[in-house]
Amino acid sequence: MLNSAMIDLLGVSLWETLYMVLISTLLAYAIGLPIGVVLNITGKDGICPNKPVNSILGVIVNIFRSIPFLILLIWMLPVTQAIVGTMVGPTSVIVPLVVSAAPFVGRMVESSLSEIDGGVIEAAQSMGSSSWQIIYKVLIPESKPSLLIGAAISITTILGYSAMAGIVGGGGLGAVATNYGLYRYNNEIMLITIVIIVVIVQIFQEIGMMTAKKIDKRLK
């Protein structure tokens, strides 16, 4: 039954979900963006080809991308306890969310950078630009629209992961859906949480797509 107490619970759970998702996305990009850049520049057609580095990093990324989030979440409980001091609550979920999302973000970034026209990079190299200058003056700026679209996809993926955390006491909308919708057979609450999550996903996707279109020079 949707009473005032349940409305308050949904409000708190919505805040917990946004907290988990936004913080995890920022940290995942802080780790995943450099990973994606290194994967791109050390690839066969990159500006600094290095097969050993690319292969080792690629294997590590693929391993963590292959682990289902729920299994990773349970497996990392001791690590989470050591880092944040607790294994329950929204803060505890951030650790496995970042570990799971960072490799995904890395591949998204790598893919975005690979879309850049090779002629632009060759022009920068012919003008004597260093590898670092090419990265932050050519690769990143030129791939902004694609990176923003990738960010929209990443944040919705992380949102989906965060919903699973409710099963192990992670809080957020996933916990409400599990504790009230599943275990108490409350279809109304289940439907409401689904609708809220769908609305959040649509908002994030629209913001990402609209921003990408606004800064895409190819559309001007």
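This is a predicted model: local features need pLDDT of at least 70, side-chain atom pairs count only at pLDDT 80 or more; totals for chains, interfaces and linings use all residues.
- Helix H8 runs over residues 144-164, 21 residues in total. Its first and last C-alpha atoms are 30 Å apart, close to the 30 Å expected at 1.5 Å a residue.
- The buried residues of H8 are Pro 145, Ser 146, Leu 147, Gly 150, Ala 152, Ser 154, Ile 155, Thr 156, Ile 158, Leu 159 and Ser 162.

- Ser 24 belongs to helix H1. Its relative accessible area is 0%, so Ser 24 counts as buried.
- Beyond its neighbours within four places in sequence, Ser 24 is in contact with Ile 94, Leu 97, Val 98 and Ile 158. Of these, Ile 158 is one of the buried residues of H8.
- Ser 24 and Phe 69 are 45 residues apart along the chain, and their C-alpha atoms are separated by 14 Å.
- Thr 42 sits in the loop between H1 and helix H2 (51-66). With a relative accessible area of 8%, Thr 42 is buried, because the limit for that class is under 20%.
- Leaving out neighbours within four places in sequence, the contacts of Thr 42 are Cys 48, Pro 49, Asn 50, Lys 51, Val 53 and Asn 54.

**Aromatic pairs**

- Two aromatic pairs are found in a search of the whole structure.
- Phe 69 and Tyr 161 form a stacked pair, 5.0 Å centre to centre with 10 degrees between the planes. This pair links distant parts of the chain: Phe 69 is in helix H3 (residues 69-75) and Tyr 161 in helix H8, 92 residues apart. Phe 69 is at 4% relative accessibility and therefore counts as buried.
- Trp 132 and Tyr 136 form a tilted pair, 5.3 Å centre to centre with 50 degrees between the planes. Both residues lie in helix H7, four residues apart, about one turn of the helix. Residues three or four places apart in an α-helix point the same way, because there are 3.6 residues a turn.
- Trp 132 counts as exposed at 56% relative accessibility, whereas Tyr 136 is partly exposed at 37%.

Key: Residues are numbered from 1 along each chain as its sequence is written. Side-chain values use heavy atoms; hydrogens and water are left out. Helices (H or I, at least four residues) and strands (E, at least two) are DSSP runs, numbered from the N terminus. The expected span of a helix is 1.5 Å times one less than its number of residues. Buried means under 20% relative accessible area, exposed over 50%, partly exposed in between (1.4 Å probe, protein chains only). Contact means heavy atoms within 4.5 Å. Rings of Phe, Tyr and Trp (its six-membered ring) pair if their centres lie within 6.5 Å; planes under 30 degrees apart count as stacked, over 60 as edge-to-face and the rest as tilted.
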